[in-house]
Amino acid sequence: MTGEKILLWQEGEYSYPAAYGFVPFMTSYIHEGKEERPAMIVVPGGAYRNVSPSEGHLPAEEFYRAGYNVFVLAYTVNLLGGEPLRFQPLNDIARAVRMLRAHAERYSIDPSKIALCGFSAGGHLAASLCVHYGDIPDGRHEYRMVPARPDAAILAYPVITTGEYAHRDSVTALLGENPGEDELAYMSLEHHVTADTPPCFIWQTVTDATVPVENSYAFAKACRKAGTVFAHHVFSGGIHGMSIATETWLARDFGVPYTLEQIRLLADTIISGALKYPPEQGRQILEDFGLDGQKNEKWEPEMKEQIRQTLGEVGIWPRLAEEWLAKIWREEEKRK
């Protein structure tokens, strides 16, 4: 595995006001040799407030073992809520797809087999590209004519709607405190699925108390109505944010938290006194996200054991998704 950091934007292309030196990037997990493989872009969640390390390295390892060349996307987020993100994360993920497709030979990938795997708010971002890929121009000459449409997507407990069952924190980080009706309608993705939407594998648990399972049902229903190829799996129990649902995930062994680079830079900027916030808040951010070098237990023992009881059921989703994708790729080969 290479672990290359691939910057999405060159100097002068990126200007999110609350970046504090951050530039969105991908981290690669690429097999040795020149064999052409399908690509997987992993898109962690985090309510558009952070890019969760629990949904980065572990899914990347899973799809790497399944034969993919994998790229974990660290996109723009909005922790403190001061500057709505609006289209910036969508621009980030569109550039990521275009970059891989344009340089497929460099990354040993099949440009017709680029999949996304988005979790929670990352699921919203992945699904946004699935339905709005035609709306996102790229001003850079080498990518201007490169399609941003993914070839398939896995949507894991995704944020989908801005309506009744919305995850409000995600919507606020994305669109601000007082978004317009047009913005809300555009980002309520169940209303934009068409027959040209890429095939989607959707999964969630019934007992998700953070993002209501109605989000998944809404997108699946829209796919069904539009004639979009999809699979929809709803598991009987499990909390929000289960990632690959293994003992490694439960132990919070997520590897190096490289997805939190923007959060670390924000905290360092606050500590330096360059922002209006007290330096203590910067140090608290580092502690809250485990960037102070300390590993904190997230769950009480009883809760942890309850979660463990759901791993066997929920933990089959990667194999289901891999088999489903293999079928999608076989069908793609037949069309060539």
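Ser243 touches Ser54, Glu55, Leu58, Pro59, Phe119, Tyr157, Trp203, Trp249 and Trp317, where contact means heavy atoms within 4.5 Å and residues up to four places away in sequence are not counted. This is a predicted model, in which local features need pLDDT of at least 70, side-chain atom pairs count only at pLDDT 80 or more, and totals for chains, interfaces and linings use all residues. Residues are numbered from 1 along each chain as its sequence is written, and side-chain values use heavy atoms, with hydrogens and water left out.

**Ser243**

- Ser243 is found in the loop between β8 (230-235) and α8 (247-250); helices (H or I, at least four residues) and strands (E, at least two) are DSSP runs, numbered from the N terminus.
- Ser243 counts as buried because its relative accessibility is 0%; buried means under 20% relative accessible area, exposed over 50%, and partly exposed in between, with a 1.4 Å probe and protein chains only.

- In strand β4 (residues 69-74), 6 of 6 residues are buried.
- Asn69, Phe71 and Leu73 point one way from β4, while Val70, Val72 and Ala74 point the other way.
- In a regular strand the side chains alternate between the two faces of the sheet.
- Strand β2 (residues 25-29) pairs with β4 in the antiparallel sense over 5 bridges, and strands pair if DSSP finds at least two bridges between them.
- Within that pairing, Thr27 stands opposite Val72 in β4.
- Strand β3 (residues 37-43) pairs with β4 in the parallel sense over 4 bridges, and Met40 has Val70 in β4 as its bridge partner.
- A right-handed β-α-β unit is made by β3, helix α1 (residues 57-65) and β4; right-handed means that, with the strands pointing away from the viewer, the path from the first strand over the helix to the second runs clockwise.

**Pocket and cavity**

- On a 1 Å grid over the protein atoms alone, a cavity is a set of points where a 1.4 Å probe fits but cannot get out, and a pocket is an open set with protein on both sides within 12 Å along at least five of seven lines; lining residues have an atom within 4 Å of a point.
- The largest pocket has a volume of about 840 Å³, the volume being the space filled by probe spheres set on the points, which are joined across faces, edges and corners.
- This pocket is lined by 29 residues, and Ser52, Pro53, Ser54, Arg252 and Phe254 lie nearest its centre.
- There is 1 cavity of 30 Å³ or more, and the largest cavity has a volume of about 40 Å³.
- Helix α5 (residues 168-175) gives the most to the lining of the largest cavity, with 3 residues.
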